[in-house]
Amino acid sequence: MSLLANPLVTSEQLFQRRSVGALPIEIQDAIFFATQSLTQAAGILLELPQSVTAQANVLLARYWLVENMMADEFSVRTLLPLLPPSPEANRSQDVSAAILYLTAKLSSHPRSPRELSAIYSYLLSKSSPFFRTQQLQDLPKYVPPPESHYQSFRPRLLTLESRILAALSFNTHVALPHPLAITYLQSLDFFCHPRREALARRTIAYLNTALLSPQLLYTTHQPHALAVAAIYCAARDLGAKMPECEWWEVFDVEREELGFLVVGMRSVEGWARERLMVEVPTSEGGMITRGDVERVLREREEKRG
């Protein structure tokens, strides 16, 4: 059964994340959502299975429970190919790329540092639609970065990979709820429902959305509970008839836990639409950077002063 369970966050770790001196929680949430979304986008462009990308999302959530978010660059730092990198810039790391590289290496779908360099360069360029409001036809043409970018990217990637492994105590096991959800749907006889395909897709969509939740659902609840909550949400959305008994108890999920997870899963989309880019507006559009966060913190400090 240990293969179906994950290590969960402790109350001390959650308290430390919200403690005095840490980043304001709304900024942490914005960083978390943006970086997890970037990881998902990179996984799609790298043609990685969703299982690999989802494991990377979970490992990133665990990593940020033991490491300061501001210790590393969230993505790939801004490219300045015409200027020599400063010592401060050399300390910038690329946590999204490193997590995805590590997870893919541990799977049967490894990707090379050069492939990651190319994909992240595109996603974070001005020609990428990632987190931008312009229409696709209005975006500038993508210009591939010079070879020097890859030469500086690769050692940063490998350095941060070792730091992530040390922070996680080399525990990279991640059990995903997706296979359990399909098994539970079969057990509940939902695959005889006329909209069984839509129900299965909706269930998986809720599980993928939960990866982006700032409530860290994958680090606070076990896979079986996440699977039950996703099935509940999907069945309610599509009007599928549910068993009249408290069926979730069969899968060892209590009513209170189910209610919390249902609210958490259903609230991610609305939260992201209303608050994401408001909390940390980016200077040039696109992905949030450490520079954007530092600028917002300075502005808040000046207003208080």
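How many residues does helix 3 have, and how far does helix 3 reach from its first C-alpha to its last? The points below take this up after a word on the model.

1. Basis of the note. This is a predicted model, in which local features need pLDDT of at least 70, side-chain atom pairs count only at pLDDT 80 or more, and totals for chains, interfaces and linings use all residues. Residues are numbered from 1 along each chain as its sequence is written, and side-chain values use heavy atoms, with hydrogens and water left out.

2. Overall make-up. The protein chain holds 13 helices and 0 strands, where helices (H or I, at least four residues) and strands (E, at least two) are DSSP runs numbered from the N terminus. Of the 305 residues in the protein chain, 49% are buried; buried means under 20% relative accessible area, exposed means over 50%, and partly exposed lies in between, with a 1.4 Å probe and protein chains only. The accessible surface comes to about 15,500 Å², and carbon and sulfur atoms account for 55% of that surface; accessible areas come from the Shrake-Rupley method with a 1.4 Å probe, and for residues only the protein chains shown count as cover. Among contacts (heavy atoms within 4.5 Å) with a separation of 6 or more, 76% are between residues 24 or more positions apart.

3. Helix 3. To return to the opening question, helix 3 has 17 residues and reaches 25 Å from its first C-alpha to its last, close to the 24 Å expected at 1.5 Å a residue; the expected span is 1.5 Å times one less than the number of residues. Because 13 of its 17 residues are buried, helix 3 is largely enclosed by the rest of the structure.

4. Helix 5. Helix 5 has 12 residues and reaches 17 Å between its first and last C-alpha, which is close to the expected 16 Å. Since 10 of the 12 residues of helix 5 are buried, this helix is largely enclosed by the rest of the structure, and its buried residues pack against helix 2 (25-45), helix 3 (50-66), helix 6 (113-123) and helix 7 (147-167). Leaving aside neighbours within four places in sequence, Thr 103 is in contact with Val 52, Gln 55, Ala 56 and Leu 59.

5. Nonpolar cores. A nonpolar core is a set of buried Ala, Val, Leu, Ile, Met, Phe, Trp, Tyr and Cys residues joined through side-chain atoms within 4.5 Å. The largest one has 87 residues, and those with the most contacts inside it are Tyr 63, Trp 64, Phe 190 and Met 265; its largest share, 11 residues, comes from helix 11 (residues 223-238). Apart from this core lies another, of 5 residues, including Phe 33, Leu 212, Val 268 and Ala 272. Beyond its neighbours within four places in sequence, Trp 64 is in contact with Ile 31, Phe 32, Thr 35, Met 69, Phe 74 and Val 95.

6. Val 262 and the cysteines. Val 262 belongs to helix 12 (residues 255-279) and is buried, with a relative accessible area of 12%. Setting aside neighbours within four places in sequence, Val 262 is in contact with Ala 229, Tyr 232 and Cys 233. Cys 233 is buried at 0% relative accessibility, whereas Cys 245 is exposed, with a relative accessible area of 51%. The count of disulfides (pairs of cysteine sulfur atoms within 2.5 Å) comes to 0.

7. Salt bridges. A search of the whole structure finds 12 salt bridges, each a side-chain nitrogen of Lys or Arg within 4 Å of a carboxyl oxygen of Asp or Glu. The side chains of Arg 300 and Glu 26 meet in one of them, at 2.7 Å from N to O, and this pair links distant parts of the chain, with Arg 300 in helix 13 (residues 290-304) and Glu 26 in helix 2, 274 residues apart. Arg 114 and Glu 147 form another, at 3.2 Å from N to O, which links helix 6 to helix 7 across 33 residues. Arg 295 forms a salt bridge with Asp 292, their closest N and O atoms being 3.3 Å apart; because they are 3 residues apart in helix 13, about one helical turn separates them. Arg 295 is partly exposed at 21% relative accessibility, whereas Asp 292 is buried at 3%. Salt bridges that share partners also join Arg 202, Asp 237 and Arg 266 into one network.
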